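Some terms used for a structure rest on set cut-offs. The questions below take a few of these terms in turn.

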Amino acid sequence: MNSNSAAAIDAALAGRLPSQASALALADELDTAALARVAASLRDRGHGQLVTYSKKVFIPLTHLCRDVCHYCTFAQTPKKIDAPYMSIEQVLEVARQGAALGCKEALFTLGEKPELRYRAAREALAAMGYTSTLDYLHAAAEAVVNETGLLPHANPGTMTADELAKLRTVSPSMGIMLESASVRLTEKGLPHYGSPDKVPAVRLATLELAGRAKVPFTSGILIGIGETRRERIESLLALRDLNERHGHIQEIIVQNFRAKPNTKMARAPEPDLDDLLWTIAVARIVFGADMSIQAPPNLSPGVLEKIVAAGINDWGGVSPVTPDFVNPEAPWPHLDELGRETTRAGKMLVERLTIYPQYARESASWVDDALRPRLLTLIDADGMPRTDDWCPGEHSDPPPADRHAINAPAGAIDRHLGAILERAECGEDLTEADVVRLFRARGSEFSTVVQAADRLRKKVNGDVVSFVVNRNINYTNICYFKCQFCAFSKGKLSENLRGKPYDLESEEIRRRTIEAWERGGTEVCMQGGIHPDYTGETYIDILHTVKTAVPDMHIHAFSPLEVWQGAATLGTPLKDYLERLKEAGLGTLPGTAAEILDDEIRAIICPDKINTAQWFEVMDTAHRVGFKSTATMMYGHVEGYRHWARHLLRIRAQQKKTGGFTEFVPLPYVHMEAPMYLKGRSRKGPTFREAILVHAVARLVLNPHITNIQASWVKMGHEGVRACLAAGCNDLGGTLMNESITRAAGSAHGQETSPREMIAMIESAGRVPRQRTTLYEDATPERIAAGMAAKPLTDAINNPPRPRKHAADRELVRSKASGLALVNLR
């Protein structure tokens, strides 16, 4: 390897983009195998074991084109086609076929501006009521989104800023192949002669405008059409320069020329395999580890393993419905065969959307508001597509593939993932990047992570699975906070959601407490909305009501928000107020109101709530006063894996300081009635894979400091809970008796799971049930017997709101930029 090309490789391996001069020096490097080894190493750094593809339909909106590229059979003249354009109904017919087969992308490919060359195109457009092909493309893409839900990817060629802006409203990603930055190829006798839209400056201008418009864009080069290797690198560098400015190029395609009959290049030699592999490897080195490098699999049958080994991480779009109209002689490989070929290459085939995950994750910046609601319903927390219909709270069985993968034989994993798991099982601290890597586990890696968590569970907890007989008492659903995920709260300042506002009277709280005790309960779990009339004294009065009714009942009550609000309304330091609560009978605190403990997310979902530091201040103070508490995480809405990682690591750090958390409780977001979902601003909760992984990764990350990981039956359902029991969980929480918060969000899993049902669920998973107390001691035989003999619940009474005690301008505790404070709401 020559010294100049070595500089490019050294830079790439050090995580830097090679300089222009050193990149150009790669043109003289002939050792393809050496380049491929470097490229594969870089690819693995950026993409691990995954090779992606998009399941698509190919929609050739028009075969007319004003350009005359010498290698193209896609472009036709009006005399050779039945109609200048596909009709909207024809477009929708293809899209519906694709949707029925699970496609998520509608790839619109068309000739460039045919109306500038052909009268037939102008007349056809006029007859349909459009002035340009791009106007018609907009209408067709809009129809596909609205009628089928597929996401369009538009490849209309060169565009103006206005055209890009218009298409951005219906197409979350677009593309234009640069093909080559060589002006020489536009000269007479060369392939781009007579094609005004193939002038490199024109194509680069479109790419520049796309970057300014923040459109995720696809581009790439076509090799073997007469360009030199140096010109290929110059083309790659031109694309890299654009991406360095705008960050909008989501993939680089290396497409090999295929000679086609009845073209001027029908007898031109095609690039050989070594040339293709050399170019793929150089593209990876020029762009570094993170860029997606793609090679179409249908253009190189039989050598896909070698293509993977050269550094690609993406196969592009593959259709189970339509042919490749640009290369009709090269059929798509069957997805099963593509998966087998990818596996033989040591990688895992995974579906993606037309918009790459990094842009889907940041859709507020990269996707038009009109398209975001549809996109959010399609993605998981990493921006990858949801591949099943399971959602928390719904009556649906876990997807068989993921359910099977929990216990499937673990396959080979990369050394980095193996090292992370080893450190986690030893109880060492992990980094944020480590935890994100665990959450990205798919396929055999998913099996490996889940089984590592379950081995750790067995080592720490054995086969015992615990639960507590308790009753939820949500004393009011009136709340003046505006949490965007909450379907429970009611009142003038909350969203207009289902259910009537109520405010329980002390007698009803007393009655429910007594009934819970008679039915074997050892705990009442008490939380509610932040009622504008409630003060710190209200919470103390509630404690007195419970303790007067049943002195031995354990009270697990008041989120950090309620504690903070109670202290603030009395002007009392947190420590003093918590001591008053303890004296009044409070036993433990629920670790709710945590949601995601990262202020980047809290600013979106609960901007007027306590911030991350305040939540931890309440918990730290409570632990130091002598309280134990739980810790929770509500996930699957607008956040990403890095936020899950930060949340877990912050909980771990707090536990190392005070040791006050008894358990960690993952709470998957139930979307159906949540305000932000109804407004098109959130996802549909986690996927089943993600939900299982959160429990498993929590076990690994929190080891050895939090030893109890709980699964929520009201959110996961009984089948989901059984899966969690094989993924590191050892506790099922409470029987609840009156679950109302999750049901208000749309959950269909009921309001109580009886002790008998808990035992049956645990035993069906091959585990040993244990009824516990809030603090994980064994329940007494008397309490167990009372639970087994429990009578049906009597109907609960939700007392209507009482008249306001205070003037409408009463100062209420709300959050400001600097934290919670008393603010006037007049």
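**Terms and the values behind them**

The model is predicted, and local features need pLDDT of at least 70, side-chain atom pairs count only at pLDDT 80 or more, while totals for chains, interfaces and linings use all residues. Residues are numbered from 1 along each chain as its sequence is written, and side-chain values use heavy atoms, with hydrogens and water left out.

Q: Why is T448 called buried?
A: Buried means under 20% relative accessible area, exposed over 50%, and partly exposed in between, with a 1.4 Å probe and protein chains only. T448 has 11%, so it is buried. C69, at 13%, therefore counts as buried, and C525, at 11%, is buried too.

Q: What does the side chain of T448 reach?
A: It reaches the backbone oxygen of S444 at 3.0 Å. Leaving aside neighbours within four places in sequence, T448 is in contact (heavy atoms within 4.5 Å) with A410, G411, I413 and L421.

Q: Where is T448 found?
A: T448 is found in helix α19, residues 444-461. Helices (H or I, at least four residues) and strands (E, at least two) are DSSP runs, numbered from the N terminus.

Q: How do you know that the span of helix α28 agrees with its number of residues?
A: The expected span is 1.5 Å times one less than the number of residues. Helix α28 (residues 688-702) has 15 residues and should span 21 Å; its end C-alpha atoms are 21 Å apart, so the two agree. As for cover, 15 of the 15 residues of α28 are buried.

Q: What makes β10 and β17 a pair?
A: Two strands pair if DSSP finds at least two bridges between them. Two bridges join β10 (residues 464-468) to β17, and the strands run parallel. In β17, G734 is the bridge partner of V468.

Q: Which strands form the open sheet, and in what order?
A: The order is β17-β10-β18, three strands with parallel pairing. The edge strands are β17 (731-734) and β18 (768-772), as each pairs on one side only.

Note on methods:
A polar contact is a pair of N or O atoms within 3.5 Å; within protein, one must be able to donate a hydrogen and the other to accept it, and residues adjacent in sequence count only if both atoms are side-chain atoms.
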